[in-house]
Amino acid sequence: MALIVLAADKGAPGVTTAATALAAVWPRPVLLAECDPAGGDLAYRLPAADGGVLNPARGLITLGATARRGLEPAQLHQHTQKIIGGLDVLLGLTHGEQAAGLTWLWGPLGRTLAALPDGDVIADCGRLGAHPQLGDLIAEAEQVVLLTRATLDHVAHLRERLAVSKANGVVVIADWRSYRSSIEDVRSIVGGSVEFVHGLAHDPKGAELLRGQWGGRLDRSLLIRTARDLAARLVSHR
């Protein structure tokens with residue numbers, strides 16, 4: 001249905017947390033895909049749906065082993081796992097060295113994720129720049145959203161990245177005490193170069209709840225409350 005890429009430039013501030021929170025509240029069927037060539041850690045962050053542990057060797061690693069013979073959307077579900085809360089996830093690489101043998105994968109993977117017929121895909125692409133081949137996946141995305149903090153150095157790197165990317169949106173990871181002003185500060189600097197600037201609460205307690213039993217406390221967290229607003233905004237821009 002749609003491939004939505006989340007990424008960042010300097011420091012990748014909370015990309016994995018943001019992608020997980022968005023996928024948890026997404027209003028339609030969704031797959032969370034860990035597409036960071038530097039390696040991911042969802043396998044170690046989140047428990048499986050049955051309360052056990054996820055298999056870090058099942059995901060992009062196993063998909064890559066079969067994809068050289070061709071890659072179709074129907075194949076993806078053979079390599080996904082369910083995490084607590086019932087969310088489907090395609091686990092990424094466990095360390096960056098594995099990316100060296102999979103430089104060819106990102107384009108076919110992007111086309112396959114974008115063509116998934118039974119749900120949207122939220123792709124956590126981590127930090128941009130170190131792996132140019134990731135651009136082949138990003139080129140297939142319907143929306144590319146860059147995350148930033150409202151600090152001078154982060155916004156400076158963001159402006160440079162926006163000049164060379166197809167990003168259509170920016171999300172500011174902001175402290176709740178200065179939430180609206182932080183978003184407005186970033187909007188005043190980069191607003192003319194993207195379709196929207198939105199926010200997501202910097203909420204360490206909410207992020208920690210994402211690692212455990214999902215329920216009422218998580219649902220009331222600032223992270224999830226602002227993630228719902230962001231999800232609605234992203235869906236409305238389709």
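1. Two strands pair if DSSP finds at least two bridges between them. Helices (H or I, at least four residues) and strands (E, at least two) are DSSP runs, numbered from the N terminus. With those terms in hand, one case: Val171 stands opposite His198 in S8.

2. This is a predicted model, in which local features need pLDDT of at least 70, side-chain atom pairs count only at pLDDT 80 or more, and totals for chains, interfaces and linings use all residues. Residues are numbered from 1 along each chain as its sequence is written, and side-chain values use heavy atoms, with hydrogens and water left out.

3. Overall build. The protein chain holds eleven helices and eight strands. Its C-alpha trace spans about 50 × 40 × 30 Å along the principal axes.

4. Burial and surface. Buried means under 20% relative accessible area, exposed over 50%, and partly exposed in between (1.4 Å probe, protein chains only). By that rule, 52% of the 238 residues of the protein chain are buried. The accessible surface of the protein chain is about 10400 Å², and carbon and sulfur atoms hold 51% of it. These areas come from the Shrake-Rupley method with a 1.4 Å probe; for residues, only the protein chains shown count as cover.

5. Contacts. A contact means heavy atoms within 4.5 Å. Take the contacts in the protein chain with a separation of 6 or more: 76% of them join residues 24 or more positions apart.

6. Charges. The protein chain has 24 positive and 24 negative charges, and their mean positions are 3 Å apart. Lys and Arg count as positive, Asp and Glu as negative; His and the chain ends are not counted. Each charge is placed at NZ of Lys, CZ of Arg, CG of Asp or CD of Glu.

7. The sheet. What is the order of the strands in the open sheet? The eight strands run S3-S4-S2-S5-S1-S6-S7-S8, with mixed pairing. The edge strands are S3 (81-82) and S8 (196-201), each of which pairs on one side only.

8. Strand S1. S1 covers residues 3-8, and six of its six residues are buried, so S1 is largely enclosed by the rest of the structure. In a regular strand the side chains alternate between the two faces of the sheet. In S1, Leu3, Val5 and Ala7 point one way, and Ile4, Leu6 and Ala8 point the other way. All of these are buried.

9. Neighbours of S1. S1 runs parallel to S5 (residues 120-127), joined by five bridges. Leu3 has Val121 as its bridge partner in S5. S1 also pairs with S6 (residues 143-148) in the parallel sense, again over five bridges. In S6, Gln143 stands opposite Ile4, Val144 opposite Val5, and Val145 is the bridge partner of Leu6.

10. Strand S6. Is S6 enclosed by the rest of the structure or exposed? Six of the six residues of S6 are buried, so S6 is largely enclosed. Gln143, Val145 and Leu147 lie on one side, with Val144, Leu146 and Thr148 on the other. S6 runs parallel to S7 (residues 169-174), with four bridges between them.

11. The S8 edge. S7 and S8 run parallel and are joined by six bridges. S8 is an edge strand, yet six of its six residues are buried. Both faces are covered: Phe196, His198 and Leu200 sit on one side, and Val197, Gly199 and Ala201 on the other.

12. Leu113. This residue lies in helix H5. At 0% relative accessibility, Leu113 is buried. Leaving out residues up to four places away in sequence, Leu113 touches Leu3, Leu31, Ala33, Cys35, Leu76, Val121 and Leu137. Two of these contacts, Leu3 and Val121, are bridge partners between S1 and S5. Leu137 is 24 residues from Leu113 in sequence and 8.9 Å away in space, C-alpha to C-alpha.

13. Thr103. Thr103 is in the loop between S4 (88-90) and H5 (106-114). Its relative accessibility is 39%, so Thr103 counts as partly exposed. Thr103 and Leu222 are 119 residues apart in sequence, and their C-alpha atoms are 38 Å apart in space.
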